[in-house]
Amino acid sequence: MTSGAAGNTTARTWLPHVLMGAGILYFLVPLLWVVIAATKSQPDLLDSPALWFADFNLLENIEQLFSEDGGVYGAWLVNTALYAGLSALGATALAAAAGYGLARFSFMGKRFFETALLGMIMVPATALVLPTYLILSELDIVNTMWAVVLPSLLSPFGAYLVRVYVDESVPVELIDAARIDRAGELRIFWQIAMPMMRPALVTVFLFTLVATWNNYFLPLVMLSDADLYPLTVGLTTWFNTAQQDAGNRMLFNLVVTGSLLAIVPLVVAFVLLQRFWRSGAAAGALK
Amino acid sequence: MLGTKWMAKLRAGLVVAGLLAVAACGGAADNPDGPVRVSVWAWYPEFKGVVDAFNASHKDIQVDWTNVGTGPDQYAKLKTAFTAGKGAPDVAMVEFQQIPTFVILDGLVDMGQYGANDDKNLYAEWAWSQATDGDKVYAIPVDGGPMALMYRKDLFDQHGIPVPTTWLEYADAAAKIKAVDPNAYIASFGSDGGWLNGLMWQAGCRPYGYSQARAKDEVKINLTAPECEKVVNLYGDLVNKGLMAQDKFFTADATAALDSGKYWTWAAAGWTPGYVAGSLKNTAGKWAVAPMPQWTAGADEQGDWGGSTFTVTKQAKNQQAATTVARELFGRSKTAWDIGLNKAFLYPLVKDVAADPAFTGKAYDFFNGQKVNEIFVPVSEKLGEFQYTPFQDFVFKDLNDRTAEAMSGSRQWSTVLEETQKNVVAYAEKQGFKVSR
Amino acid sequence: MTRSVPITAPAADDLPPSPRPVESPSRRRRRRVTAHPVAGALFVLPFFLVVVAFLVVPLGYAFWLSQSSKSLALGTRFTGIDNYVRAFTDPVLLDGLLRVVLFGLVQIPVMLGIALAGALTLDAVTTKFAVAFRLIAFMPYAVPAVVGALMWGFLYSRTFGPFADLPALVGGDPIDFFSASLLLVSLGNIVTWAWTGYNMIILYSALQGVPREMYEAAVIDGATPVQIALRVKVPAIRQAISLAAIFTVIGTMQFFTEPQIMARFAPQISAGYTPNLYAYNQAFAYSDFNYSAALSFTLGFLVFVVAYAFVFVNRRRGARS
């Protein structure tokens with residue numbers, strides 16, 4: 001990037017740039033399609049060139065989106081944000097405490113628990129959802145938001161990542177010094193360790209947020225009330241209905257527009273917060 | 001189901017956490033003096049109006065309706081609810097081919113004990129016999145799908161191709177269509193279990209038999225009868241020759257193909273007029289309906305594709321009230337059928353509604369003014385008995401997987417039914433059934 | 001329960017004001033876990049409770065379910081390991097496993113290869129264009145798998161998708177992305193599209209953590225960027241690469257959402273197309289929750305074996321080099 005090497009650099013970097021250009025096309029075209037398709041009415045969606053605009057129908061689509069089935073899409077959007085936000089907050093808090101505890105304390109069963117963490121990541125979600133349903137049903141909390149939020153608190157990867165990060169970035173000596181100062185363990189955790197753990201916590205928060213935001217199978221099984229659905233389940237329901245009675249209801253355009261609005265908040269969050277989570281991700285990757 | 005100690009402990013822990021308090025807000029308690037509330041799962045289009053009509057005309061019973069998903073999505077929820085022992089609605093919409101499945105899962109109430117047998121003569125005979133087992137009434141029929149051939153009248157006329165009246169003529173027409181337009185097909189092999197089943201039904205094939213009243217653990221499976229084989233062979237032959245497309249029905253691709261002149265026919269059902277009128281804009285007015293091609297010239301054999309019922313689940317709190325809801329949501333309700341026929345485009349299984357000139361005499365713009373119900377109604381009247389297995393999902397899925405193999409060329413069409421027969425029999429025996437042919 | 005006394009800990013007065021005071025390598029390397037076993041356990045306790053409630057108990061319950069068989073006609077009875085014997089001899093499960101393994105053998109190297117190449121490029125090229133590439137490549141990660149699969153379902157369409165007609169430009173037939181021969185490729189593309197950027201960012205972050213001193217010497221020796229990338233950078237982030245690989249292997253073995261959604265377009269996706277889809281269908285379509293639990297357990301066990309074998313081989317190789 002220095003002016004002296006500029007000529008040399010451009011000569012040498014045309015190939016990487018062409019390859020990156022191809023990559024941008026590959027990753028962007030499907031997203032571009034969603035944006036373009038969301039501006040089309042249902043007949044145009046099935047009848048006009050896929051990657052170019054037809055009559056601009058976006059506002060009508062959005063209006064229909066938020067009024068179809070009594071405006072249930074708005075509820076889905078709120079539900080998704082609520083479930084994902086609560087789960088991510090809770091999972092991050094749990095992972096922060098557990099990761100810190102594992103990295104900076106010694107107690108019985110710790111070794112075993114640490115080894116088990118990787119094993120926990122390997123359990124297929126489909127294996128857990130059904131028994132969890134049966135148990136939560138026994139407790140009468142299926143078909144409530146808790147049936148989605150509580151199981152989503154489980155983030156072994158989050159705990160693992162925080163543990164690794166604390167190991168690297170929160171010096172033992174600092175904690176010991178605080179102890180000599182007679183600071184309580186909770187205070188040390190809250191005032192000394194937490195600020196230093198921030199990049200890891202942002203990472204865990206964002207990743208659990210995405211995991212819950214994008215989860216389909218768990219809410220599909222747990223919820224049977226359309227007003228409680230998150231976006232993924234709601235949009236799939238509409239898609240199935242669109243196939244079932246294409247004649248009666250215009251829904252394909254809503255599925256597309258609804259998908260676009262479901263994606264935008266997460267993309268924005270990631271792009272804005274990338275400075276924070278990248279360093280956290282690096283810690284997880286280094287170990 | 002989980003009466004173990006840790007369960008109790010876990011529950012106690014959660015009480016402390018105040019979770020049950022939150023959960024308790026979920027279910028509204030029945031007011032002992034107010035109307036009985038009956039929960040209903042259904043995915044009919046325009047169903048809200050039907051529910052409103054019921055609630056307006058009933059003081060003691062009020063319906064709470066939820067759409068939890070279409071077909072398989074809802075069944076998956078029902079099955080989990082039956083397994084968990086709670087969470088099922090009082091009344092659930094169930095398609096005909098699924099009734100024995102839910103009966104054997106012990107999920108459905110016999111409405112006969114609440115007087116539902118009084119409705120016997122209200123409904124088309126074939127539908128009533130599928131919904132019942134002896135005098136046990138497991139389901140109240142709502143809508144059906146008597147089959148007929150939808151075709152592009154303009155194209156057939158223009159190219160002087162006669163509309164097929166037999167399946168032999170149908171195969172001829174397929175070749176002629178290919179000759180005049182290499183990009184066109186007579187139809188698509190849609191990979192739909194109910195559709196193929198309807199075609200086999202029409203061919204006189206009766207592959208399944210099950211009656212819990214007779215024996216809980218006996219089932220008849222005979223997919224390799226010549227009446228069944230001839231259907232798969234005909235369609236397989238058309239696919240092999242490239243005369244039949246392979247798009248799955250109801251995908252946007254298949255819909256677009258119907259609307260672009262790529263398909264010239266669709267062996268469709270009584271609910272088709274509604275389905276196509278909304279989605280096929282370019283070709284509206286160019287279609288017509290003819291009776292199904294016959295296997296023997298001059299015969300009058302018919303089949304059905306699709307149709308649904310209301311059932312009462314064993315988890316219903318008030319089974320008598322739930323039965324009333326199942327019988328009267330549609331049943332004799334004029335308002336409900338007005339919505340059902342003109343907005344949701346259901347084919348009515350209530351005989352009087354189907355015979356009403358308002359239905360039979362209705363001219364459809366989509367079919368260039370043709371009164372297509374004059375074709376569908378006699379089909380429904382002609383339909384005979386047809387039974388299903390108590391594991392029809394498995395049968396349809398296996399049939400679908402085997403035909404998919406045949407379409408991809410990794411299996412001979414002539415072995416499709418043989419293989420499905422083998423797999424289904426093995427499955428049935430594993431499930432503890434005695435299998436006969 | 002031994003409490004290690006922090007002999008070397010600096011007194012509070014000695015602490016420099018900087019928030020990261022302990023930079024002396026000799027001190028940092030001495031990693032001691034300090035004291036307060038009860039406090040430590042209390043920090044882990046809430047997480048532990050969630051693990052018990054939503055992992056251990058459901059798993060135990062699933063295992064208990066898998067120990068009996070429910071047949072439609074005969075009802076439920078205890079059958080011990082019968083379900084597992086059935087699973088390991090079930091041709092549908094074995095076919096599904098084979099399919100997933102074949103899929104992984106091709107898709108994982110392709111995806112991680114692209115991700116690694118992208119990460120190395122990002123590490124070497126710091127133009128605005130590269131920043132744009134990094135952001136855009138990551139975006140698909142934020143798209144729910146369900147939405148991604150529905151989207152690609154439209155894009156793969158033969159009638160209105162943008163790609164199917166490409167061969168027509170040179171006179172070929174439209175591509176049928178849902179045909180038996182192309183289906184795995186089509187699914188692989190969806191997964192690659194969704195996860196390449198994510199893996200690329202992980203690897204890129206790891207590269208950023210590689211100290212520049214490690215390859216300054218090589219630069220002075222006149223090594224080309226490609227040589228530096230392959231000889232210095234890639235070995236330096238080997239751990240990150242294998243971690244990404246393990247997670248991808250785990251994800252691939254559990255392949256579910258994309259084929260489940262795609263089955264709405266593609267009749268070629270059978271009930272047992274992937275092991276997880278098979279377990280799902282056993283439970284939710286055939287109501288055989290017992291066998292479904294056994295299938296899930298079998299799958300989980302295999303994932304466990306594969307992942308640990310992978311870790312083991314990797315450690316040994318790491319130790320040798």
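How many residues of domain 1 of chain B are in contact with domain 2 of chain B? Hi everyone, let's start there. Keep in mind as we go that this is a predicted model.

So, the count: on the domain 1 side of chain B there are 21 residues, and they are in contact with 26 residues of domain 2. As for who is who, domain 1 of chain B covers 35-144 + 306-360, while domain 2 takes in 145-304 + 378-436. Their centres, taken over C-alpha atoms, sit 27 Å apart.

Now let's look at that domain 1 side. Four elements of chain B each give two or more residues to it: α5 (99-104), α6 (125-131), β6 (140-152) and β13 (304-312). The largest share, four residues, belongs to α5(B). By class, this side has ten nonpolar, eight polar and three charged residues.

On to the neighbour. Chain B puts 30 residues in contact with 22 residues of chain C. Here the elements of chain B giving two or more residues are α4 (72-84), α11 (252-258) and α18 (392-407). With six residues, α18(B) provides the largest share. If you like to think in residue classes, the side of chain B that touches chain C splits into 13 nonpolar, eight polar and nine charged.

And a last stop on chain C itself. An unreviewed UniProt entry lists residues 97-312 of chain C as "domain: ABC transmembrane type-1". In the model, that stretch of chain C is 70% helix and 0% strand, and its end C-alpha atoms are 22 Å apart.

Definitions and conventions. Residues numbered from 1 in each chain as written. Chains lettered and ligands numbered in written order. Predicted model: local features only at pLDDT ≥ 70, side-chain atom pairs only at ≥ 80, totals over all residues. Domains from an automatic or database assignment. Contact = placed C-beta atoms within 7 Å. Nonpolar A, V, L, I, M, F, W, Y, C, P; charged D, E, K, R; others polar. UniProt positions renumbered as here; feature names shortened; annotations may be inferred.
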